[in-house]
Amino acid sequence: MSRWTKFCATFEEKLGEKLGKFSGIIYDHPYISLLIVIVIILASIGGFYFQETENEVTKIYVPQDAPILVNERYFNKKWDFLPKYEAIWLTSDPIGDNVITKESIDLMFEYDKKVKELEITYNDKKYGFYDLCYVNPITNKCQINGILEFWNFNQSLVEEDKILEVITDQKNIVTGQYLDESTVMMDIEKNEDGEIIGGVVLILNYAMENNDDNAKPLEKWELEFIDELLEIKNQLEKDNSKHKLIFNANSSINNEVGKASASNPVTYIIGYILMGLVLWLTIGNFKSTLTSHLYLSIGALVTIAFSVLCGFGLGGYFIKNTSLVSVLIFLMLALGVDDVYIIVKNFDLTDISLNPRDRLTLTLKNSTSIVVTTLTDVAVLLIGLSSPFDATVYFCGYGCCCIFFVIFFQFTLFPIMLSFEAKRIHHQHNAFLPCMRIKTNNFDKKEQKKEKEKEKKKKKNKKDVEISDSDPNSSTTSDSDTDSNTDTKEKNTKKNKGNESKLKLDFFQRFLKEKYGPFILNKKVSIFIIIIFLAYFGASIYFATQVEEGFEETSVLTDDSYLQDMFKVLNKYYLGNGQDFYIVIKEDTKYHEAETKNQLLKLIEDLKKTEKWVSRGPYGWYEDYLNYLQTEDDAPTLDSDGLPVNPDEFYSYLQDSFLQNSDYIHYKLISDIIFNENEDDINKQIEVSRLNFVSTDLSKTNDRVDFMYDIRDITTNSEIDCFEYNEFYYLVEQYSIVKQSTLMSVGFAILAVLLLAFIFFIYPTNAILISLTIIMIDVDLYGFLWLVGLKIEPVSSVCLIMSVGFAVDYAAHIIHSYTTSKQKTRKEKVIHSLTQIGSSVLLGGFTTFLGLTPVLIFATSEIFRTLVKILYATIVSGILHGFVFLPVILQFLGAKGNTSIINKKKKSNKHSDVRDDSDDSDGSDVGDSIPLDKMKKSKNSDSNSESGSSSKTDTTQSNSQTQRNTHDSSSSISFSSE
């Protein structure tokens, strides 16, 4: 046996001993321990006071160091004076019919009037639309762009039979100003002659002043704007109108994302009631008035609730909260219950005749598998903290905090409750009415009858009971042993027989041992199972290659959000018809030099050549200005390159003539050029400028990513310092890296699991098997995304990363039980592990499934339903692989050794520190402190101990030896062959 295997076995044994000793300290000082726990709870929940919430989509779903956000910050800094916009769109219901009608235009006039009449009060001052709007510096009027511009916002000028003619002419019928049809309508339909005959969406955009003085009043006015239009929208739906109103305020997206949640108070209550019922029906166990854990199940639920509360409180000190994090409330509830099942199962497997302290010590000593699964979960979530997406970072951060408190309270607060439960059982108090004791003549008559029958059978066969992991010096008795040692052996025999009777299998355990285990381990069945799992694994590899990246803004909104329709229209009619993009030319560009001219013209030409991505443009002020210089009579003298001989005239003529011309004044109105007004340096006359182009159809995710890289290559390779920009461009940046970052995080998570598996599963073979199982589960989940039509985005990325840790939970307990099993053959070890821990694993999977159900039912947005679907798939795949595939593989490839061989010598040389309260010399009635089926034996022992000092000493020694033997036999629990 290798040194590494011995080291790992020793490490796990030491860990179990530490947990056992720690539980002993808790048992000895329960109230002090409880006080410490209360202090920690109070300190943790203080974090709610400091907790901040982040709902801005660009901050939580886009990498903060992404070029698009860097460029966006630059753009917003330079054009910080640009107005904010509130939008009103009118379309048909259902969307798609023509709305260029007199009725539709009249409705737009009505809505326009309501917007202009809106008024709010802020700091005792009234603010209306005209107080907050952006005033066009040319017209000195509030800037409003949209369909009503054709009639100069005068409803009386609208003639029904001339509506299409006016719109086709694309001019304001009063001022003659040109109007771009794409800014007033969407999805315009034209006939063969180019005349407009229909349109799907009518637009009105209201420009609002963007400055700090008006920030708060504008924010309040926007809320009033939303309420007013929401009322109109609801009325249209109520009246079954053929029109649909769509609107959006500057702050809408962040406000609406904040409303999305995986739950509400009702969901919390339902979730915890469901889990409470499950705990009562499973842990509660109403079969026995002594061993039922009714109140312990309530305590378990309280423990988990405090874990979640403290986890969120601790996270509040240093992690921002998002709506996505609310899923953890239910996920941690389910995971906490899984751990409770393991602990209570280990507690019930301990010998009921032991004193409460010993039972608690053995329980936690045998619960090291919980530490394994917790460490894997924490390791995976810690790796998730390295994600470029803040949504993933925040989720994993809160997840780490919650899991820390789950394991902390499982080994502190819950053992306190378990110690009181052990004392109640030890003193025979009723499980349902703890203030009452159980009468002796009515207690466990059936158990006593079975005990007597087994004793008779043992005496008849004259077989000694072999004590597992006992002290070699006490395993046999020589002829020279004293009478007290003989009595000790008889007591050990009887206690072990008692253990066998208590560790009887329930119905499901018998099914696993006698039916399920032998069935799946049949060679033909096993081969069939392996073929099925490997076939699906191969198919999942193919499916995984077909999964696309993608993120829909609608998924983070509530189902009834008024923005849902807006994004549907954007995705259908805006992205599909191309988007407006800017090429931003940064400072220190020497526009007046021939070299710069050639570089700029080359940049424009390169963009024009990308016909795949550019449908119109690039166009802008620079080319128009060069042509203007060539055609105007009063233009300055030009050199051979077509530029003014005097560089100063390049900039003066640009401002004084070109930007004042009616054909080009729009470049000034839309601020395509920002001048350094007080700059004398000729090279810095223009601070920043921009060109414009329209993209082709970018409705497909892959096209958007390819577009971004191709356009970015052009701007990056250009000798001009520039970049591309679009306000909806940020999601494309996410698409380009989400798959790569997810695969990287999952890969590191699997490596972390492999490392922990090598330590805790002792044998390298077992560690490799569980790692391969996790890889199969994660690949299957990738394939599942394609099967159900989901895409790779930050939410699914979180799930795929977490699945590595959560899938371990279902396989780890099985393989840990296999590793520590003392059976000889692989098949026997597999059946033993399924019998011993299988029911708890399945029950844990069921509770996790059930715990997430309220989220699926009551979730208010698609993002949470997506998350639950993937987690459901993780649970199902984890159970199938851990409960079907892994046992079959262990039958062929599992390690044959077990830790009892390694630790046996060490145990034989150590004295147990377990205390037996029945040996107290205070003369108290032992019948009050041990189970009734042991009472007569204990009383006989006490009467013998009172016969004299020498006899008393021998009896004490024999009792101590008995306790050591009992402790050792109880620490390695196995099921009888019956």
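The following legends describe close-up views of a predicted model.

Residues are numbered from 1 along each chain as its sequence is written, and side-chain values use heavy atoms, with hydrogens and water left out. Because the model is predicted, local features need pLDDT of at least 70 and side-chain atom pairs count only at pLDDT 80 or more, whereas totals for chains, interfaces and linings use all residues.

**View 1. A patch of negative charge on the surface.** The residues gathered here are E160, D161, E165, D169, E192, D193 and E195. Members of a patch have over 30% relative accessible area and no salt bridge, with like charges joined within 9 Å and nonpolar side chains (Val, Leu, Ile, Met, Phe, Trp, Tyr) within 5 Å. A salt bridge requires a side-chain nitrogen of Lys or Arg within 4 Å of a carboxyl oxygen of Asp or Glu. Asp and Glu count as negative, Lys and Arg as positive, and His and the chain ends are not counted; each charge is placed at CG of Asp, CD of Glu, NZ of Lys or CZ of Arg. D161 lies in the loop between β4 (144-146) and α8 (163-169); helices (H or I, at least four residues) and strands (E, at least two) are DSSP runs, numbered from the N terminus. D161 has a relative accessible area of 66% and is therefore exposed, where exposed means over 50%, buried under 20% and partly exposed in between (1.4 Å probe, protein chains only).

**View 2. A nonpolar patch on the surface.** I269, I273, L277, W280, Y295, I298 and V302 together present about 610 Å² of accessible area, computed by the Shrake-Rupley method with a 1.4 Å probe, with only the protein chains shown counting as cover for residues. Two or more residues come from each of α11 (265-282) and α12 (294-316). The largest contribution, 4 residues, is from α11. Y295 belongs to helix α12 and is partly exposed, with a relative accessibility of 41%.

**View 3. The disulfide between C133 and C142.** The structure holds 1 disulfide, a term for a pair of cysteine sulfur atoms within 2.5 Å. The sulfur atoms of C133 and C142 are 1.8 Å apart. The torsion about their S-S bond is about -50 degrees, so the disulfide is left-handed. C133 is buried, at 4% relative accessibility.

**View 4. Strand β2 at Y122.** Y122 is placed in strand β2 (residues 119-122) and is partly exposed, at 27% relative accessibility. Its C-alpha atom is separated by 6.0 Å from that of P217, a residue 95 positions away along the chain.

**View 5. Cysteines C722 and C799.** C722 is buried, at 10% relative accessibility. C799 is also buried, with a relative accessible area of 0%.
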